[in-house]
Amino acid sequence: MNDYVLAIDQGTTSSRAIVFDSSGSIVSTGQKEHEQIFPKAGWVEHDPHEIWKNVREVVGQALTTADLTHENIMAVGITNQRETAVVWDRTTGKAVYNAIVWQDTRTQKIIDRLGGDDGPDKYKATVGLPLATYFAGPKVMWILDNVDGAREKAEAGDLLMGTIDTWVLWNMTGGADGGVHVTDVTNASRTLLMDLKTLSWDESIAADMGIPLSMLPEIRSSAEVYGEGRRGGMLPGVPIAGILGDQQAATFGQACFEVGMAKNTYGTGNFMLMNTGTELVPSKNGLLTTVCYKIGDQDPVYALEGSIAVTGSLVQWLRDNLGLIKDAPEIEQLAASVDDNGGAYFVPAFSGLFAPHWRSDARGALVGLTRYVKAGHIARAVLEATAFQTAEVLEAMRADSGVELSELKVDGGMVANELLMQFQADILDVDVVRPKVAETTALGAAYAAGIAVGYWSGEQDVIDNWAEDKRWSAQMDEDERGRLMRTWKKAVSKTLDWVDDDTD
């Protein structure tokens with residue numbers, strides 16, 4: 001009997017498989033980290049073959065833990081790190097280069113060249129995005145320009161490209177032996193190549209980037225059957241029926257279906273999305289206009305997004321590079337050992353600043369140091385950096401949308417940190433609400449797949465399943481909030497103009 005839906009969550013640091021029941025509760029999970037490859041300063045890569053191997057392993061783990069087989073799974077949904085780009089050979093299935101990760105900044109000179117006299121907003125009216133190293137299209141352009149023989153193969157029709165959802169789906173459905181080459185509208189909207197109004201590839205932009213149209217996957221909705229698991233695989237014959245980029249998946253899993261509803265995900269980076277309905281809202285304040293989701297033949301729903309590059313990964317950096325903590329949860333205890341940040345502010349512009357600044361020339365800075373500052377203050381500054389960056393994004397969202405949030409739904413690994421959640425409510429002066437099922441990214445992908453095959457009837461089932469776990473309300477007075485934000489913005493100003501023209 002098909003009792004469950006499986007979600008594959010291919011993230012920046014790990015791959016997970018989660019089995020959900022009809023109430024949206026977790027039945028079992030499997031998880032495995034993959035290597036983070038840093039060939040040069042600012043370069044971030046993943047091995048796509050390691051990712052595909054890990055996906056197969058974690059699906060096996062999740063099924064085995066719950067004593068299930070493919071026969072118990074009604075549908076599979078995929079969610080993924082969005083802008084990370086893979087280029088591979090359609091006949092051999094081999095990637096021609098490592099996946100270039102969304103955090104990677106090597107494409108800055110390509111970005112400058114593409115923008116020319118028009119600057120970073122050259123394509124924004126069409127694609128909703130500024131020209132920035134963040135997005136997938138220029139990463140593909142870099143591979144074609146720098147890997148021997150890649151451009152010739154691409155022009156001969158031998159190469160395919162995609163974000164990670166496309167790579168996983170293609171391999172799940174047969175790979176070189178008939179694999180389905182598809183992406184969904186949410187991932188396509190992160191490439192700099194898709195027209196937001198027509199939901200189709202823009203041929204002129206692809207031509208500007210030198211990307212042959214034959215490389216591009218077919219763009220489909222976020223909830224429909226794309227294909228079935230291949231024979232001999234872990235999920236033979238099971239429909240793969242949902243794809244959502246990770247942040248859109250979290251928005252879906254948080255039941256943000258009404259205009260003006262917003263969620264913030266605290267992961268490797270932070271990503272706040274506000275539902276703007278079927279209306280495209282151009283941003284004048286450094287946000288992205290993106291597709292939120294599209295269910296089957298229904299009209300697309302759009303969103304404003306504020307993307308922050310470094311939040312949870314700053315905690316990892318504190319652990320792995322400085323050794324101040326042994327594991328990530330330990331930071332809360334260390335930060336709680338002091339009453340405030342001691343005047344220290346940490347701006348984690350490791351790969352430039354994303355929303356709302358979009359400054360690739362910025363680099364990280366720890367400022368305001370005195371001899372009074374100790375490890376607890378630095379730990380607190382690390383956590384507060386996440387909240388301050390989120391506050392800047394919310395300011396931009398208010399300006400673009402005219403909506404005053406009554407509450408902010410939150411999810412992701414860092415929401416377990418109660419000190420951070422309280423400070424977030426304080427600095428925003430908005431209630432912060434954590435759901436009972438915090439794995440909203442995987443859950444959103446599961447819901448999309450389940451809705452496509454009739455396991456759930458539609459968005460109302462998602463709303464009915466959502467439940468509040470904990471709420472934090474602001475306790476900080478207005479003067480203190482203003483002082484902290486003013487000093488934070490001063491700290492941000494110290495990170496700018498760091499990278500010179502002769503820096504690779």
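Biologist: How are H12 and H16 oriented to each other?
Modeller: First, a word on the source: this is a predicted model, where local features need pLDDT of at least 70 and side-chain atom pairs count only at pLDDT 80 or more, while totals for chains, interfaces and linings use all residues. Residues are numbered from 1 along each chain as its sequence is written, and side-chain values use heavy atoms, with hydrogens and water left out. H12 and H16 pack at about 95 degrees with their axes 11 Å apart (axes are lines fitted to C-alpha atoms, for helices over the stretch in contact, and angles run from 0 to 180 degrees between N-to-C directions). Angles of 65 to 115 degrees count as roughly perpendicular, so H12 and H16 are roughly perpendicular to each other.

Biologist: Which residues of H16 meet H12?
Modeller: Contact means heavy atoms within 4.5 Å. The contact of H12 with H16 divides into 7 nonpolar, 1 polar and 3 charged residues (Ala, Val, Leu, Ile, Met, Phe, Trp, Tyr, Cys and Pro count as nonpolar, Asp, Glu, Lys and Arg as charged, and the others, Gly among them, as polar). From H12 come Ala 385, Phe 388, Gln 389, Ala 391, Glu 392 and Glu 395, and they meet Leu 484, Met 485, Trp 488, Lys 489 and Val 492 in H16.

Biologist: Which elements give two or more residues to the lining of the largest cavity?
Modeller: A cavity is a set of points on a 1 Å grid over the protein atoms alone where a 1.4 Å probe fits but cannot get out, and lining residues have an atom within 4 Å of a point. The largest cavity holds about 90 Å³ of space, and its 14 lining residues include Ile 308, Leu 353, Phe 354, Ala 355 and Gln 389, which lie nearest its centre. The elements giving two or more residues to this lining are helix H12 (375-401) and helix H16 (478-493).

Biologist: Is the peptide bond from Ala 355 to Pro 356 cis or trans?
Modeller: Most peptide bonds are trans. Pro 356 sits in the loop between strand E19 (345-347) and strand E20 (365-367). With omega near -5 degrees, the bond from Ala 355 to Pro 356 is cis.

Biologist: What is the phi of Asp 67?
Modeller: Asp 67 belongs to the loop between helix H1 (48-65) and strand E5 (73-80). Although Asp 67 is not a glycine, its phi is positive, at about 55 degrees.

Biologist: At what angle do the axes of H2 and H4 cross?
Modeller: Ile 110, Ile 111, Arg 113 and Leu 114 in H2 meet Pro 138, Met 141, Trp 142 and Asp 145 in H4. This contact has 6 nonpolar, no polar and 2 charged residues. H2 and H4 are roughly perpendicular to each other, with axes that come within 10 Å and cross at roughly 105 degrees.

Notes. Helix = DSSP H or I, 4+ residues; strand = E, 2+ residues; numbered from the N terminus. Parallel < 35°, antiparallel > 145°, perpendicular 65-115°, else oblique. 1 Å grid on protein atoms, 1.4 Å probe; cavity = no way out; pocket = protein on both sides within 12 Å on 5 of 7 lines; lining within 4 Å. Points joined across faces, edges and corners; volume = space filled by probe spheres on them.
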